[in-house]
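Dear colleague,

Please find below the structure that I am handing over to you. My notes on it follow directly after.

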Amino acid sequence: MGHKINDQWKISTMCVHGSGGYDKSTGSVGKPIYQTSTFAFESARAGAEIFLGEREGYVYTRISNPTQEAFEKEMAFLEGGEAALAFGSGMAAISGVIMALCKNGDNVVSSDTLYGGSHQLFTETLPRWDITVKEVDGTNCKNIVKAIDEKTRLIYIETPANPTLTLIDIAECAKIAKKHGIPLVVDNTFSTPYFQQPLKLGADIVVHSATKYIGGHGDTVAGVVVGHKEFIDNLRMSILRDMGGIISPLNAWLLVRGLKTLAIRMERHQANALKVAKYLQFHPKVKSVFYPGLTTHPQHALAKKQMSGFGGMVSFEVKGGRKAGETLMNAVELITLAVSLGDVDSLIEHPGSMTHSTYAPEDLEAVGITEGLVRLSVGIEDAEDIINDLSQALAQIN
Ligand code: LCS
């Protein structure tokens, strides 16, 4: 009859079939959207038993919903984790994990090149609850070891980092975390499980902005956490239930649909990104290009060790700094000048003044986000069209 899940399937097959087959009650092959806030109980006793945890069943969409679960099941499977929990955004997922693991007086040790929103959460918002985050250069794991103290509750890394494509050694960090008896949390947004599976390298928890490659079409904001069942169950019944940062059934459905094409999209993003990176590398108006798939990337060997592919994000520094970057971004015609990333459409932005403007100017320089750095999320259009657009836009820089 088909749709019987087999754990020997390769990841591209799992992307298409992983969320558990057709709907048993109707035979619907497409996943139904359970667009409901609440669920009827069979009897008063059944309702009470579900509340007591003595019987399985749905209660209310802020706690669980079959469409959310379809997405969670598939993400757990693709990341190789026991369970997953969807959130209304990547930031809700990240803040949820930290709130679940820390209380006031505790601290987190984190890598220092992060999505600007994560940096703002770590340096501005969490300190209001007396949770401090020590951001260190994680490219040298010794810095992480040095920063850990008796109040450190987790290690947090983003690799490849937004927007510099700097890598952190996941297996090394996992060893450090294990030695100190604390979990390693990895933001896997840039790679997706298609190219990198941190749990298999020893990490304990994976977080995503599912807004990006997981959804893939620029039509959804969402987040997800993958980890051990016990942790995920606690996260659901504390932070998600009590803080309420849930995903809507419609958005969960869009992610299930997006995942079906994850493999084929990631292959195309990567193939295009490599062509674009190689083109930019030899362009006279470009100072430097950051892409883990280039042999000139300082951590290319680490990329080959921990990733099965290099993704679709390319950052580059134009000669002439911010002004030259602005000329380029104003001149593109096919590529869209917008934040976010991982969409099928190519997107370009200036991290220093946009996604990473939450960093103090001196910190921007310290983590490699220079004035002339431009970030390109390479889409799945024809690579030649993307390159032609960059070519005409770069020609407009004096
Ligand atoms: N983690 C990474 C690596 C991200 O790039 C983002 C968002 C988040 C977490 C937060 O996820 P969200 O709440 O937006 O779903 N990155 C963005 C960016 O570079 N441009 O716009 C958003």
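This is a predicted model: local features need pLDDT of at least 70, side-chain atom pairs count only at pLDDT 80 or more; totals for chains, interfaces and linings use all residues.

Residues are numbered from 1 along each chain as its sequence is written, and side-chain values use heavy atoms, with hydrogens and water left out.

Domains

The protein is divided into domain 1 (11-260) and domain 2 (263-394), with bounds that come from an automatic or database domain assignment. Their C-alpha centres lie 26 Å apart. To the contact between them (heavy atoms within 4.5 Å), domain 1 contributes 40 residues and domain 2 contributes 39 residues.

Pockets and cavity

These were found on a 1 Å grid over the protein atoms alone: a cavity is a set of points where a 1.4 Å probe fits but cannot get out, a pocket is an open set with protein on both sides within 12 Å along at least five of seven lines, and lining residues have an atom within 4 Å of a point. Grid points are joined across faces, edges and corners, and a volume is the space filled by probe spheres set on the points.

The largest pocket has a volume of about 860 Å³. Of the 23 residues that line this pocket, Glu56, Ser64, Glu69, Asp233 and Arg236 lie nearest its centre. By class, the lining has 10 nonpolar, 3 polar and 10 charged residues. Here Ala, Val, Leu, Ile, Met, Phe, Trp, Tyr, Cys and Pro count as nonpolar, Asp, Glu, Lys and Arg as charged, and the others, Gly among them, as polar.

The second largest pocket holds about 360 Å³. Its lining comprises 21 residues, and the closest to the centre are Tyr115, Asn162, Ser209, Lys212 and Leu341. This lining divides into 7 nonpolar, 10 polar and 4 charged residues, and draws at least three residues from each of domain 1 and domain 2.

There is 1 cavity of 30 Å³ or more, and the space in the largest cavity is about 40 Å³. Its lining has 6 nonpolar, 3 polar and no charged residues, and includes Pro160, Phe190 and Met307.

Salt bridges

The structure holds 13 salt bridges (a side-chain nitrogen of Lys or Arg within 4 Å of a carboxyl oxygen of Asp or Glu). In one of them, the closest N and O atoms of arginine 236 and glutamate 72 are 3.0 Å apart. Arginine 236 lies in helix H9 (residues 229-243) and glutamate 72 in helix H3 (residues 66-79), so the pair ties together parts that are 164 residues apart in sequence. Both residues are buried (under 20% relative accessible area; exposed is over 50% and partly exposed in between, with a 1.4 Å probe and protein chains only).

Aspartate 106 forms salt bridges with lysine 103, at 3.7 Å, and with arginine 153, at 3.4 Å. Aspartate 106 is buried at 2% relative accessibility, whereas arginine 153 is partly exposed at 26%.

A loop residue

Isoleucine 246 sits in the loop between H9 and helix H10 (249-260), and is partly exposed at 26% relative accessibility. Residues up to four places away in sequence aside, isoleucine 246 touches Thr61, Arg62, Gln68, Phe87, Gly88 and Leu240.

With kind regards

Conventions
Helices (H or I, at least four residues) and strands (E, at least two) are DSSP runs, numbered from the N terminus.
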